[in-house]
Amino acid sequence: FHNRANGPNRPVTLMEPNLDKMSQKTQADEVGGEKIMAGSKKVFIKTYGCQMNVYDSERMGDALQPYGYSETRNIDEADLIVLNTCHIREKAAEKVYSELGRVRQIKVARRAEGKSTGVVIAGCVAQAEGQEIIARAPVVDLVIGPQNYHRMPELIFRAKSEARQIVATDFPDDDKFQFLPARPKRAKTTSAFLTVQEGCDKFCTFCVVPYTRGMEFSRPVATILAEARQLIDSGIVELTLLGQNVNAYHGTGPQGNSWSLADLINELAGFEGLQRLRYTTSHPRDMSDDLIAVHRDQPKLMPYLHLPFQAGSDRILAAMNRKHSAGDYIELIGRIRAARPDLALSTDIIVGFPGESEEEFQATLDLVETVGFAQAYSFKYSPRPGTPAANIDDQVAEEVKSQRLQTLQALLNAQQKSFNIGCIGTVMPVLFDRIGRKSGQIIGRSPYLQPVHIEADSALLGRIIPVEITAAGPNSLSGVLKTGAVIKADNVIKAA
């Protein structure tokens, strides 16, 4: 790829709502007259941020595979480098530009060897920054937003053949999922992410998601079920359903009616071979009665829920446009726990939102004490360009935010440690999925997503095995195989 950012070969912003879909053959294809054999080129994909970006990166790799690209973990040998970015955290864009400095050195070194290297910036930073990336980083060939990555193979070819940089950050009318190939089997993989919903209509004043991912979109039920079946047939036993606001899911069902997330979970739970279901991330306002009932009635749905509350002060929650109060959240948690008493909670919390007083921060600590969390993700507020909160004058001093975060995290860490210690002596069904660092050690995940270490044969990888928990650390558990115990189809352990 050769970038010429000036003169007649200036960057092009693509606004076509629907490029012609290119044929996708698994062994070889012909793009623009150029014959490409499978696996003849290497692509390096680096993923930043959330689980949906992990899913998106996998699907980018799937989309590129029919056009001769196989994935590599060695960036120095890559014919194509893709940075799939996240725009949630502070200085997200600057981190990307810093990484591009290294990418530029690789591109120059490979050019000296007579090799070309394409560079793609994808994800939410791409969507937010657009042309600014091209202006600041001439090394980039393609800037592509989250709603356009199904077009990546063609756009890469166009950037190369037309010797120009391309920006594709529009929101096309076509459903990108319809253009993606089937999910391939991935070696030694037992769990998978499955996007069912994208975007958000809530417009929290601190959040960029509505601007980078767009308004809420729910995939049709039939396409989700088909993708799930492909994954299960390839050996997946655990599915995590993804969405920026996943419990707002309202996809079109086979009869043209609207399905809720509860409907979808119940349908997927009937698939033979699927043993575990999860979903993330949710909003308290969309935690419907039928979804709470699924937590009570569906044993394949793991007893773990990530439900952000963000702040404990009602005034701050209103300023965030969360559309619920602290009392609403506490009442909701009571109803969920009544339905599923063994359910553990995770959450997101922001400290130092503009105008937050010490009393309002204390309200956040009080809510944490009241509810109790097994895990949590906590952050200092950082202004995101283009969001309403970034324009509020009453910004909290950085040193105050840091102190509040330290105080909050001490409380959250104590709760997590207490929850882990409480697991000692229990027997848990653990899905083992990887080799441990120590010889003879394997690692799996409990129903509560805790890493669990045991000494056992690697032949157990990919299986759900009863484990008696014997020790707990801050972030993980250790145990021994529970001999004689078996796990029934409904995830209930039956003693010998």
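Reader: How many residues does helix 2 have, and what span would you expect at 1.5 Å a residue?
Author: Helix 2 covers residues 92-112, which is 21 residues. (Helices here are DSSP runs of H or I, at least four residues, and strands are runs of E, at least two, numbered from the N terminus.) The expected span is 1.5 Å times one less than the number of residues. From first C-alpha to last, helix 2 reaches 31 Å, close to the expected 30 Å.

Reader: Before we go on, what kind of model is this?
Author: Residues are numbered from 1 along each chain as its sequence is written, and side-chain values use heavy atoms, with hydrogens and water left out. Local features need pLDDT of at least 70, side-chain atom pairs count only at pLDDT 80 or more, and totals for chains, interfaces and linings use all residues, since the model is predicted.

Reader: Which elements do the buried residues of helix 2 pack against?
Author: Buried means under 20% relative accessible area, exposed over 50%, and partly exposed in between, with a 1.4 Å probe and protein chains only. In helix 2 the buried residues include Ala92, Tyr97, Leu100 and Ile106. They pack against strand 4, strand 6, strand 7, helix 3 (124-129) and helix 4 (131-136).

Reader: Which charged residue sits over the ring of tyrosine 97?
Author: A charge sits over a ring if NZ of Lys or CZ of Arg is within 6 Å of the ring centre and within 35 degrees of the ring normal. Here the charged end lies 3.8 Å from the ring centre of tyrosine 97, and the residue is arginine 136.

Reader: Why is strand 6 largely enclosed by the rest of the structure?
Author: Leu80, Val82 and Asn84 point one way from strand 6, while Ile81, Leu83 and Thr85 point the other way. In a regular strand the side chains alternate between the two faces of the sheet. Strand 6 is largely enclosed because of its residues 80-85, the number buried is 6 of the 6.

Reader: Which strands pair with strand 6, and over how many bridges?
Author: Two strands pair if DSSP finds at least two bridges between them. Strand 4 (residues 41-47) runs parallel to strand 6, with 5 bridges, and lysine 46 stands opposite leucine 83. On strand 7 (residues 118-123), glycine 123 stands opposite threonine 85. Strand 7 is also parallel to strand 6, and the bridges there number 6.

Reader: Which residues touch the most other members of the largest nonpolar core?
Author: A nonpolar core is a set of buried Ala, Val, Leu, Ile, Met, Phe, Trp, Tyr and Cys residues joined through side-chain atoms within 4.5 Å. Methionine 152 touches residues including Val82 and Val120, leaving aside those up to four places away in sequence; contact means heavy atoms within 4.5 Å. Of the 90 residues in the largest core, the ones touching the most other members are Met152, Leu264 and Tyr279.

Reader: Which residues form one aromatic cluster?
Author: Rings of Phe, Tyr and Trp (its six-membered ring) pair if their centres lie within 6.5 Å; planes under 30 degrees apart count as stacked, over 60 as edge-to-face and the rest as tilted. Phenylalanine 309 and tyrosine 329 make a tilted pair, 5.4 Å centre to centre with 50 degrees between the planes. Phenylalanine 309 and phenylalanine 373 are stacked, at 5.9 Å and 15 degrees. Together the cluster is Phe309, Tyr329 and Phe373.

Reader: How many residues apart in sequence are the parts tied together by phenylalanine 309 and phenylalanine 373?
Author: Phenylalanine 309 is buried at a relative accessible area of 0%, and phenylalanine 373 counts as buried at 3%. The former lies in the loop between strand 17 and helix 10, the latter in the loop between helix 12 (358-371) and strand 20 (377-380), so the parts they tie together are apart by 64 residues.
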